[in-house]
Amino acid sequence: MSFKDRTNEFHSMVDRIRSRNTASSTLERRSLLSSPKFNSSSNNKKPTHHSRSEFSLMAGEISRNITNTAGKLEKLTKLAKRKTLFDDKPVEIGELTFIIKQDIAKLNKQIAMLQEYTKGQRHPSKQATEHTSNVVVSLQSKLADTSMNFKDVLEIRTENMKMSKDKRDQFLFSTAEQNAEQSFVSSPLLKSRRRGNADSPPQQQQQYDPSSSTATNNNSNSALLAQGGYQPQHEETDSTLSLGIPMITPEQQQQQQQLMLAEQDRYIEHRSTAIESIESTIAELGGIFQQLATMVAEQRESVQRIDQNTEDIEMNVMGAQRELLKYYTNISSNRWLMIKIFATIILFFLLFTLIM
Amino acid sequence: MKLYSILILSKVQDKAQIIASQFDLSSFGYFQRGSVQEFMNFSSTTIAERTPIGQRQSVESENNVAHVYGHPQDIWGIIISDKEYPSRVAFSLLNKILDEFLVKFPRDKWNNPPLNYPELNDYLLKYQDPKQADTIMRVQNELDETTAILHKTIESVLQRGEKLDSLVDRSEALSSQSKMFYKTAKKTNSCCVVM
C-alpha cells in the first residue's frame with residue numbers, strides 16, 4: 001500500500017478553518033470599529049454566519065447519531081436472525097430494542113428542533129434556505145429508513161420467536177397435546193394435583209400467617225375452577241420449587257412449564273386480539289368510505305340531469321321573453337301607424353271642407 | 001373498573017421489600033382503609049416473592065385482582081384492582097411504570113425505602129378509566145365513534161339522493177312548462193296581424 005503524503009492537505013484545512021474563525025473575528029472587529037450605520041448589516045452577517053455553522057454542527061451531530069443507531073440496529077438484526085432454539089438472548093434483544101426505540105425518539109425530537117430552528121432563521125440567499133431545508137429533509141428520510149429497518153427487524157424477530165415456540169412444542173409434543181386440551185377446562189387429574197399442591201405449602205410455610213395464605217389459596221382455587229383465567233396455582237408450585245422439596249414428578253414439572261409458557265403468551269395473545277380487532281375496524285371503516293364514494297358518484301349523475309334541465313329552462317324563458325318584447329314593440333308600433341293614418345284622414349277631411 | 005393501588009417492590013435476600021407505592025382507597029370505608037392497606041402490602045410482598053422474573057400473573061381474591069410482573073432487572077410491579085379492570089391494560093401500565101422508574105431511580109437509590117415517586121399518583125389517577133388512558137382502547141373507542149358518525153353520514157347521503165331525485169322531477173316539469181310558455185308567446189306574436 002503506497003503512502004500518500006497528505007500533510008499539505010492537512011495544513012490547508014487548518015488554515016481554512018483558522019481563516020474562517022478569523023473572518024468571523026474580523027467581522028466582529030469591523031463592527032466595533034465602524035460607525036453604528038454599518039452595525040446593522042454586519043450584525044446581520046455575523047449571526048447568520050454563526051447560525052449557518054451552528055446549523056451544520058447540529059446537522060452533523062444528528063447524522064452521527066443516526067449512523068450510531070443504524071449500527072446498533074445492525075447488531076440487533078444479527079441477534080434476531082439467529083435461529084438457535086435455546087441460546088436465544090431475549091434480555092439482550094429486549095434491551096437493545098428499548099435503546100434503539102429511545103434513540104429514534106430522541107432523533108425525532110432533534111430533527112423537529114432543527115426544523116423549527118431553520119424556520120426561525122433568515123438567510124441572506126435563497127439557495128441557503130433551500131440547502132438547509134434539503135439537509136433537514138434528507139436527515140428525516142434517513143431516520144425514516146432506519147425506523148423502517150427497525151420495524152422489519154422486529155417482525156423478523158416475532159416470526160423467529162413463533163418458529164422457535166413451534167419447535168419447542170414439537171419436542172414437548174405429548175404434554176403439549178394434553179395441555180392444549182386442558183388449558184381452558186380443568187381436568188380432574190389436574191384438579192386433584194393442584195389440590196394436592198395446595199395442601200402442601202400451608203404445612204411447610206409456617207412463618208406466614210397460615211389463615212390468610214390458606215384463605216388466598218382456597219379463594220384462588222375456587223376462582224380457578226370458576227373461570228379459566230390466569231392460574232394462581234403457580235404460587236404454590238413456585239413455593240414448592242423454591243423450597244427444593246421434590247413434591248412433584250418431572251412430568252408434572254413439564255406440564256407446569258408448558259402452562260407457564262401458555263401464561264406468558266396469554267398477555268401477548270390478548271394484545272394481539274385487541275390489535276386485530278382494531279385492524280378489522282379500520283378495514284370496516286375503509287369499506288364504509290368506499291360505499292360512501294360510490295353513492296356520491298351515483299348521485300353525481302342526477303345532479304348533471306338537474307343541471308341540464310335548468311339550462312333548458314333558462315333558454316326557454318329567455319326566448320319567451322324575447323318574443324314578448326317583440327310583441328310589445330309590435331303593439332306599440334301599430335299605434336304609431338294608426339296615429340299617422342288618422343292624421344292623414346283628418347287632413348283629407350279638412351281639405352275637402354275647405355274646398356267646399 | 002377501579003384501580004386500588006400500585007406498588008413497586010424489590011427483593012433483598014429473597015425477601016420482598018416495597019420501594020414505592022400509591023393507594024387510592026376512597027371506595028373503602030374510612031376505618032377500613034388502614035387494614036386494607038396493610039393487607040395489600042402484605043399480600044403484595046407475598047406474591048412478589050413467589051413470582052419468578054419475567055413472568056406475569058394475576059391473583060384473585062374476593063372481588064380484587066392483583067396483577068404482578070417481575071421485570072428482568074430485579075424489580076417487581078404490582079397493580080391491585082377490581083375484577084373488571086382489563087388485565088392487558090394493567091400489564092402494559094406496569095411495563096410503562098417500571099421502565100420509567102428504572103430510568104429515574106437507578107439501582108443504588110433503592111436502599112432507603114419508601115421512595116417518593118409522585119408519578120405513581122398521576123398514573124393511578126389517569127388510569128382509573130382504562131378506556132381513555134390505554135392507547136389501544138382509546139384508538140378502538142375513537143374508531144367506533146368514527147364508524148357511528150360514518151353510518152349517520154351514509155344515512156344523510158341517502159336522504160340527499162332522494163332530494164336530488166325530487167329536484168330532477170321538478171326541474172323537468174319546470175322545463176316543459178317554460179317550453180309551453182315560449183311556444184305560446186311565439187304563437188301570439190306571429191299569427192294574425194293585431195289590430
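Predicted model: local features only at pLDDT ≥ 70, side-chain atom pairs only at ≥ 80, totals over all residues.

1. Local features are described only where pLDDT is at least 70, and side-chain atom pairs count only at pLDDT 80 or more.

2. Make-up of chain B. Chain B contains five helices and five strands. Along the sequence they come in the order β-β-α-β-β-β-α-α-α-α. Of the 195 residues in chain B, 49% are buried. Among the contacts in chain B with a separation of 6 or more, 51% are between residues 24 or more positions apart.

3. B:Arg88 and B:Asp134 form a salt bridge, with 3.4 Å between the closest N and O atoms. The two residues are 46 residues apart, and the pair links distant parts of the chain. B:Arg88 sits in helix 2 of chain B, while B:Asp134 is in the loop between helix 4 (130-133) and helix 5 of chain B. Both B:Arg88 and B:Asp134 are buried.

4. Extent of the interface. The size of an interface is often given as the accessible area lost when the parts come together. For chain A and chain B the buried area is about 5,100 Å², and carbon and sulfur atoms give 65% of it. Chain A brings 53 residues to the contact, and chain B brings 53 residues.

5. Polar links across the interface. Between chain A and chain B there are six residue pairs in polar contact, both residues being at pLDDT 80 or more. On the side of chain A that touches chain B, the elements giving two or more residues are helix 3 (90-119), helix 7 (210-226), helix 8 (233-243) and helix 9 (250-355) of chain A. Which of these gives the most? Helix 9 of chain A does, with 38 residues.

6. The salt bridge between the chains. The count of salt bridges between chain A and chain B is one. B:Glu172 and A:Arg305 form a salt bridge in which the closest N and O atoms are 3.2 Å apart. B:Glu172 has a relative accessible area of 35% and is therefore partly exposed. A:Arg305 is also partly exposed, because its relative accessible area is 41%.

7. B:Ser171 is located in helix 5 of chain B. Is B:Ser171 buried or exposed? B:Ser171 counts as buried because its relative accessibility is 7%, and the cut-off for buried is under 20%. Its side chain makes a polar contact of 3.0 Å with the side chain of A:Asn309. The side chain of B:Ser171 also reaches the backbone oxygen of B:Val168, at 2.8 Å. Leaving aside residues up to four places away in sequence, B:Ser171 touches A:Ile306, A:Asn309 and A:Ile313.

8. Salt bridges over all chains, and one in chain A. The structure holds ten salt bridges over all chains. One joins the side chains of A:Arg6 and A:Glu9, at 3.5 Å from N to O. A:Arg6 counts as partly exposed because its relative accessibility is 48%. A:Glu9 has a relative accessibility of 41% and so counts as partly exposed. By contrast with a pair inside chain A, B:Glu172 lies in helix 5 (residues 135-190) of chain B and A:Arg305 in helix 9 of chain A, so that pair joins two chains.

9. The record entry for chain A. Which residues of chain A does UniProt list as "transmembrane region"? The unreviewed entry gives residues 336-355 of chain A. In the model, residues 336-355 of chain A are 100% helix and 0% strand. The end C-alpha atoms of this stretch are 29 Å apart.

How values were computed. Residues numbered from 1 in each chain as written. Chains lettered and ligands numbered in written order. Heavy atoms only, no water. UniProt positions renumbered as here; feature names shortened; annotations may be inferred. Helix = DSSP H or I, 4+ residues; strand = E, 2+ residues; numbered from the N terminus. Contact = heavy atoms within 4.5 Å. Buried area = accessible area lost by both parts, 1.4 Å probe. Salt bridge = Lys/Arg side-chain N within 4 Å of Asp/Glu carboxyl O. Polar contact = N/O pair within 3.5 Å; in protein donor to acceptor, adjacent residues only side chain to side chain. Buried < 20%, exposed > 50% of the residue type's maximum accessible area, 1.4 Å probe, protein only.
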